Amino acid sequence: MTVTEPHADRPLRTKRPPHETRRTFAIISHPDAGKTTLTEKLLASSGAIQQAGMVRGRANTRATRSDWMEIEQQRGISITSSVMTFEHDGLTFNLLDTPGHSDFSEDTYRTLTAVDAAVMVIDVAKGIESQTLKLFEVCRLRDIPIITFANKVDREGKDPLEILDEIADTLALDVTPIVWPLGQGVDFKGTVDLVGGRVLHPDGTEWRRFSDPEELLSDAELNADPVVATSLENLELVRDGLPAFDLETYRAGHLTPVIFGSALKTISVAELLRALGQWAPDPRPQPAEPAPIDPADPKVTGFVFKVQANMDANHRDRIAFVRLASGTFRRGMKLRNVRSGKELAVSNPMFFFGHDRELAEEAVAGDIVGIPNHGTLSVGDTLVEGTQIIKVTGIPNFAPEIIRRVRLTDPIKAKQLGKALSDLAEEGVAQVFRRMIGADWIVGVVGQLQLEVLQARIAKEYNTPISFESINFELARWVACDDKLELKRFVDASKMEMAEDKDGDPVYLAQSSWWLGRAERDWPKIKFLSTKERA
Ligand code: GDP
């Protein structure tokens, strides 16, 4: 492997269009791998905050401020996503936080539609875990390039060679180490930064410089320590056996550079920040109909990837999180919601730094702005300056994994229930279906916790107590067919199993995967889809 030069094609300080200085990314990981700690350290390393511990601190403040998040507080988990913006080395980094809890993966998936790059954090003792794998699959669907941070080298873990193999085999990705550990756990002796050409002590101070890593093998002082000697030999093996870093292959999502480090001990955090700055792509053309949106297009376009209600109990507002895809957005600008055709004057857009809202004056492609509204903006909406008809594509709905009938404790509140469910469906809290026969409300979620949040919010915000009942269905699939008549025949023949989603699209409910398999066999022309793009 040859050492890759920091990219000469992107000098950091020359004048370039502002969107090219944006790095919009998310961190994907399994709970406990160290995402929160790494976020804190990235912010601290960038100089954005002086003191680590603020991310967690902020989360606590938020929970006390916002009372519907009692569940969050009780469970000690973070349900809400937020956006953190920090500047470093002439670049603006937008870090979109995703909830780590697996019950909220739907929200996480949508957040991934708004990033250009991802950092995958894995615990070196555990390797690739289930949630990481799921999130990785979403990144792969969109070819999001991934930098891997193999965390917790200060603790005993799997051998670095094994970690690389595991990533390559499980994710079918090329891997190439960028920062290599010298020993692990109590025997951790430092790191080799292959890009910077430096060997570092555990405290980050420089131990050696090199122009070719091969030199290190004959360095008597380094090799005097058997742990270091073995790690250097392994590094040599890896360099012989693995491809060199290649920017294009990384950007295409086929190769992941791997940085071994420790978030807790601030090891390799600066190298991660450097990799993001130099390699992570600036905003890419946004998939859309009738044509992808060029980030350099002067007209503003953006899309809503998340809506959050009641971020602040004192303001019963909803914030739509909008990822800008092109143009320079200024406060006071009028944007048109392509779905409804309505124009809205955005007088009080916000940037987010953790929970603290900052008024935004100007934002460009890659930036996230929060737009307060009273229900006019839904997840998936495209916003444009002027009268263009453009629709951003690729924001998925996922087939729910838990399906329940909603039972109203007080039948008089049927109308409120309808309003509550349609509001919350629009916010993306749960999917809401109506049976074609009978008028039952059915909700579908991907995790149990989502049901609890739904119940708590409907009780509190709509003063409508509800409970959930099991129902004879386990799976839901959107159905589609190029042949409209065939689709109608299927729907008519399956009335008892059919429902409509909030957009009126047909959904087939199956009692089990066996029944679904049977329907697929009996109706070969019908497509049974587990994701649907948001209309
Ligand atoms: P998250 O659930 O992915 O956000 O994980 P956290 O950042 O909350 O970390 C989970 C636990 O792992 C916490 O107890 C952290 O202190 C610990 N942790 C995180 N990074 C490291 C690390 O580099 N080394 C060690 N030893 N512990 C770590």
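**Entry 1: contacts and overall make-up**

I began with the contacts in the protein that have a separation of 6 or more, and residues 24 or more positions apart account for 71% of them. A reminder to myself: this is a predicted model. Next I looked up burial, and buried residues make up 45% of the 535 residues in the protein. For secondary structure I noted 15 helices and 32 strands.

**Entry 2: domains**

Where do the domains run? The domain assignment gives me domain 1 at 18–279, domain 2 at 288–392 and domain 3 at 396–533. I then turned to domains 2 and 3. Their centres, taken over C-alpha atoms, are separated by 28 Å. I found five residues of domain 2 in contact with four residues of domain 3. On the side of domain 2 that touches domain 3, I noted three nonpolar residues and two polar ones, with no charged residue there.

**Entry 3: the ligand**

Which residues come nearest to the ligand? I have 17 residues around it, and Gly34, Thr36, Thr37, Ser262 and Leu264 come nearest. I also checked which element gives the most to this shell, and that is helix H1, residues 35–46, with three residues. Sorting the shell by class, I got seven polar, six charged and four nonpolar residues.

**Entry 4: side by side**

The shell around the ligand has six charged residues, whereas the side of domain 2 that touches domain 3 has no charged ones.

Conventions. Residues are numbered from 1 along each chain as its sequence is written. This is a predicted model: local features need pLDDT of at least 70, side-chain atom pairs count only at pLDDT 80 or more; totals for chains, interfaces and linings use all residues. Domain bounds come from an automatic or database domain assignment. Two residues are in contact if their C-beta atoms, placed from the backbone, lie within 7 Å. Ala, Val, Leu, Ile, Met, Phe, Trp, Tyr, Cys and Pro count as nonpolar, Asp, Glu, Lys and Arg as charged, and the others, Gly among them, as polar. A residue is near a molecule or strand if its C-beta atom, placed from the backbone, lies within 6 Å of it. Helices (H or I, at least four residues) and strands (E, at least two) are DSSP runs, numbered from the N terminus. A residue is buried if 20 or more other C-beta atoms lie within 10 Å of its own, exposed if 12 or fewer, and partly exposed in between; C-beta atoms are placed from the backbone.
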